[in-house]
Amino acid sequence: MDVLLRVLGPLLVVLAVSLISFVAYTFFTVLIPYFADGGTPLPLLLAELALGCFLLVNLLYNYAMAICLNAGTPPESAGDSAKDAELGVVGFGCTKECQKCFRSKPPRAHHCSVCKRCVLKMDHHCPWINNCVGFNNYRYFCLFMLYLALGCLYVVVMGYHLFLRSVVPLRRRPAKMSFADAQCMTLSWLISLCIFLALCLLGGFHLYLVLTNQTTIEFHVNLTNRHLARRKGESYRNPYDLGWSRNFQQVFGPNKFFHFLW
């Protein structure tokens, strides 16, 4: 499975970039000209174009950062108190050494069998970015999902009427719409809708993880611990939970608005 993920990773990144590029191409070459020919006022048309560019640039930037950034490598020496303090793990146990990569292994760090190294605050290995999601790139991973969902929603809403016109029989289709444009619009709208619905589930789950200061790995561990504590008549609390506001700031920084931008 690990070998399969290493092979699939680059292919899935190429697929993701191809899908984004195809939908963006349809938006700028089919949808925007359709609104221009339909008599949309120039200021409104420019605003729609600017919003599309804003979403696309932020989407691509955060995707590139999630791919290219090192997810977080533990230090060589054990007991790096400065790094532990930055991760918010002071007082949660001493730093151990990984028996696979022989680096220090602070609390919340896990060894990725695909990347063959330990990752700080590892969430999971994501084949869609061909990288682990961890301490350094989790923020960019979340923002990528946010801007991708907003971009897909934008295409779904803006392209709804043109999509309906694209799927009608050829004889009833507007004369200005070519067969190729209709095919591009239909496929782009369906791709955007499917991705948006999938991101509502995945993004909602990661929002919950951010607000409760958990990783995907810790979420499953905490479920087990909670179940065991309930059987003993005890209550279990996530030791890293600092409250919604501070948990959110730990991922996105103290500024609640401008840190959604790069």
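Predicted model: local features only at pLDDT ≥ 70, side-chain atom pairs only at ≥ 80, totals over all residues.
Me: Which residues does Asn-222 touch, not counting residues up to four places away in sequence?
Reply: Residues are numbered from 1 along each chain as its sequence is written, and side-chain values use heavy atoms, with hydrogens and water left out. Asn-222 is found in helix 7 (helices are DSSP runs of H or I with at least four residues, strands are runs of E with at least two, both numbered from the N terminus). Taking contact as heavy atoms within 4.5 Å, Asn-222 touches Gln-214, Tyr-236 and Asn-238.

Me: Is Asn-222 buried or exposed?
Reply: Buried means under 20% relative accessible area, exposed means over 50%, and partly exposed is in between, using a 1.4 Å probe and protein chains only. Asn-222 has a relative accessible area of 4%, so it is buried.

Me: In what order do the elements of the protein chain run?
Reply: There are eight helices and six strands in the protein chain. Going from the N terminus, the order is α-α-α-β-β-β-β-β-β-α-α-α-α-α.

Me: How many of the residues of the protein chain, in percent, count as buried?
Reply: The accessible surface of the chain comes to about 14500 Å², with 68% of it belonging to carbon and sulfur atoms (areas come from the Shrake-Rupley method with a 1.4 Å probe, and for residues only the protein chains shown count as cover). Of the contacts with a separation of 6 or more, 64% are between residues 24 or more positions apart. Out of 262 residues, the buried share is 42%.

Me: What do the buried residues of helix 2 pack against?
Reply: Helix 2 covers residues 42-68, and its end C-alpha atoms are 38 Å apart, which agrees with the 39 Å that its 27 residues should span at 1.5 Å a residue (the expected span is 1.5 Å times one less than the number of residues). Its buried residues include Leu-45, Leu-55, Leu-59 and Ala-66, along with Glu-48, Asn-58 and Asn-62. These buried residues pack against helix 1, strand 6 and helix 4.

Me: Which residue forms a salt bridge with Arg-108?
Reply: A salt bridge needs a side-chain nitrogen of Lys or Arg within 4 Å of a carboxyl oxygen of Asp or Glu, and a search of the whole structure finds one. The closest N and O atoms are 2.7 Å apart, and the partner of Arg-108 is Glu-218.

Me: How many residues apart are Arg-108 and Glu-218?
Reply: Both ends count as buried, Arg-108 because its relative accessibility is 6% and Glu-218 because its value is 9%. The pair links distant parts of the chain, with Arg-108 in the loop between strand 2 and strand 3 and Glu-218 in helix 7, a separation of 110 residues.

Me: What is the phi of Lys-116?
Reply: Most residues other than glycine have a negative phi. Arg-108 has a positive one, near 80 degrees. Lys-116 sits in the loop between strand 3 and strand 4 and, at 53% relative accessibility, counts as exposed. Though not a glycine, Lys-116 has a positive phi of about 65 degrees.

Me: What accessible area does the nonpolar patch with Leu-8 have?
Reply: Patches are made of residues with over 30% relative accessible area and no salt bridge, joining like charges within 9 Å and nonpolar side chains (Val, Leu, Ile, Met, Phe, Trp, Tyr) within 5 Å. Leu-8 lies in helix 1 and is partly exposed at 32%. Together with Met-1, Val-3, Leu-4, Val-7 and Leu-11, Leu-8 forms a surface patch of about 610 Å².
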